[in-house]
Amino acid sequence: MVELKARSACDGLLPVTHGAMTLREETVGAITSLAPFSGQRQALGKALQSAHGLSFPDPNRLDIVGDAACVWSGRDQAFLLGPQPAPALADHAAVTDQSDAWAVVLLTGEGAEEALARLVPVDLRLRVFGVGSSVRTLLGHMNVSISRVEDGLRIMAFRSMAATLVHELSDAMAAVAARRQAD
């Protein structure tokens with residue numbers, strides 16, 4: 001009989017370091033999509049606050065409490081990262097486990113925003129995109145979610161694109177590091 005072993009999305013691909021920048025895989029726990037039923041956004045927000053201490057985020061925002069986060073992911077949709085969702089959330093929203101569908105990486109270090117500027121059509125500089133900011137955008141040709149957290153920039157991409165995500169980011173990091181070294 002074949003013995004299957006669970007592997008993370010970026011298994012064997014990370015960490016990668018170029019210059020002062022490091023890209024590493026993040027373990028965020030469960031990833032759950034929350035899509036409020038019609039007219040239930042406020043009720044979902046109250047249930048989320050009661051169960052997990054998190055607010056349902058406004059567009060382009062995220063809420064973080066300890067190891068848990070709620071990240072805006074599109075119109076009337078957010079991802080709960082970390083805990084298993086409280087059963088009460090299902091009274092107000094479509095609750096869908098997405099844990100195995102995403103690759104989650106963290107880009108840190110001086111030059112991180114510069115590397116992403118080569119791939120992303122959004123201004124991610126700290127003065128514009130501060131801690132608590134989140135955006136759905138393109139990274140190269142991939143749909144991603146990028147959030148500014150205390151440690152750096154958390155990037156979520158479809159699991160099937162993990163190798164491409166790492167390749168694109170690594171190339172951009174290397175180019176920025178080489179340019180900084182030449183200056």
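Helices (H or I, at least four residues) and strands (E, at least two) are DSSP runs, numbered from the N terminus. The model is predicted, so local features need pLDDT of at least 70, side-chain atom pairs count only at pLDDT 80 or more, and totals for chains, interfaces and linings use all residues. Residues are numbered from 1 along each chain as its sequence is written, and side-chain values use heavy atoms, with hydrogens and water left out.

**Backbone**

Most residues other than glycine have a negative phi, and most peptide bonds are trans. Leu14 and Pro15 are joined by a cis peptide bond, with omega about 10 degrees. Pro15 sits in the segment before strand E1 (16–18). Asn60 is not a glycine, yet its phi is positive, near 65 degrees. Its place is the loop between helix H1 (41–52) and strand E4 (62–65). Asp76, also not a glycine, has a positive phi of about 50 degrees. This residue is in the loop between strand E5 (68–74) and strand E6 (77–82).

**Accessibility**

Buried means under 20% relative accessible area, exposed over 50%, and partly exposed in between (1.4 Å probe, protein chains only).

| Residue | Relative accessible area | Class |
|---|---|---|
| Cys10 | 1% | buried |
| Cys70 | 0% | buried |
| Thr32 | 2% | buried |
| Asn60 | 36% | partly exposed |
| Asp76 | 42% | partly exposed |

**Cysteines and Thr32**

The structure holds 0 disulfides (pairs of cysteine sulfur atoms within 2.5 Å). Thr32 belongs to strand E3 (residues 30–36). Neighbours within four places in sequence aside, Thr32 is in contact (heavy atoms within 4.5 Å) with Ala78, Phe79, Leu80, Pro85, Val95, Thr96 and Gln98.
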